[in-house]
Amino acid sequence: MTALEELKKEWETQPQGSEIEEYDLASLKQTVKGRVQKHKKLAIQYFRTHLFLQLLVYLLLGYVIVAYWTDTMIITVSVVGFILYIPFTIFLYKRAREVVSGNLKGGSADSLYSFIEQSHYSLHHFYRFKKLIDVILTPPSCVIGTYLTFELLIPGGIQGNIYLTMTMFVITLISCYASIRDENRKKFEEPLQQLKELMDELLEIRSTET
Amino acid sequence: MSDSKEEVFLKNLNQNLGIAHKICRVYFDDDEVRKDALQEMVYQLWRSFDSFEGKSKFSTWMYRVCINTAIKQRKTVSNKKKMEVLSQDHVQVSAQIPDQSSVNREEKINALYNAILTLSSLNKAIVLLYLEGMTYEEIASITGITKSNVSVRLVRIKRELETKLKNDKNF
């Protein structure tokens, strides 16, 4: 008999309940309430920064439209900004609802393989869409932000500060991409890598079946 | 929440609560993380209790939900670092194997838990289900791999665990 088989016998005769605190109705309700709050809090934390940023953008663009409604160019740029951001806001709102309801709907009783496959697919699908949005939204946002800042706040506007405007645009763009890259790494690439390692391990086992 | 549903759930949960504790212990080496994971497992079990149709045993269904929850909760990066340190410790103490008679049962089980902690997520699930006395068929159904692959995999895991245990000072 191997050492592990001997240990299996010991394992099976482990005391099961003496040190384990059982759940009653009150502690179950408390646990459920605590977890619901925790999941909602996590989802809010996740989307708070994005939603706050968008709210700021809408407020700024709204203010600019009202304050400079006679300037056709400023109005056009601000309206373009609104149009660019509205689909993204709708998408984020839907996603936030999905995350909250997904975490609250209950654990999966699928096999481990199916569970990991679905988790990977879902996260990968969302990440691909987010990357697309990042690429589409970030450069025009930086252009609009830089344009409005120089035209409205800096004496001489863009014409009088062409090199400074270009430098400001490049710095803003680099800062945005650095921040997005950091966020993507922590929230998507690392979890996806973890899931992929598991997927690969399972696929390797399944490939030996044939 | 109807009373009867809660009562049935609580009765089954308390009878099988050891499953969740063991899964937490093999997947997480930090007490706080373990407590949090246990609460999450109880919550996920409760939320999905309606989907439990009684086709399998409650314990089998509970293993599925709890293992999936543990994998979702797992913080691989930090755990990996700790596991690497743990694995190195096991190797370093190989020259200090104490007298077998001084090793008690609890220490042996703890050594086994520590050795399992160093395995990959999938291997943890397979060996835990094996230690819990599940058949190869049940393990295959929970993990989603075939019965023959469970058997092959278990041979490798046993070998790996036995090597780690031989190098453990408490074993």
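Chain B of this predicted model exposes about 7,800 Å², of which carbon and sulfur atoms supply 48%; accessible areas come from the Shrake-Rupley method with a 1.4 Å probe, and for residues only the protein chains shown count as cover. Local features need pLDDT of at least 70 and side-chain atom pairs pLDDT 80 or more, while totals for chains, interfaces and linings use all residues; side-chain values use heavy atoms, with hydrogens and water left out. Residues are numbered from 1 along each chain as its sequence is written, and chains are lettered from A in the order in which they are written.

The secondary structure of chain B comprises nine helices and zero strands, helices being DSSP runs of H or I with at least four residues, strands runs of E with at least two, both numbered from the N terminus. Of its 171 residues, 54% count as buried, that is, under 20% relative accessible area (1.4 Å probe, protein chains only).

The largest nonpolar core has 95 residues; such a core is a set of buried Ala, Val, Leu, Ile, Met, Phe, Trp, Tyr and Cys residues joined through side-chain atoms within 4.5 Å. Helix α4 (residues 112-153) of chain A gives the most to this core, with 13 residues.

Chain B and chain A bury about 5,000 Å² between them, a value defined as the accessible area (1.4 Å probe) that two parts lose on being put together, summed over both. B:Tyr43, B:Asn68 and B:Arg105 supply 13% of the area that chain B buries against chain A, more than any other three residues.

Notes. Buried means under 20% relative accessible area, exposed over 50%, partly exposed in between (1.4 Å probe, protein chains only).
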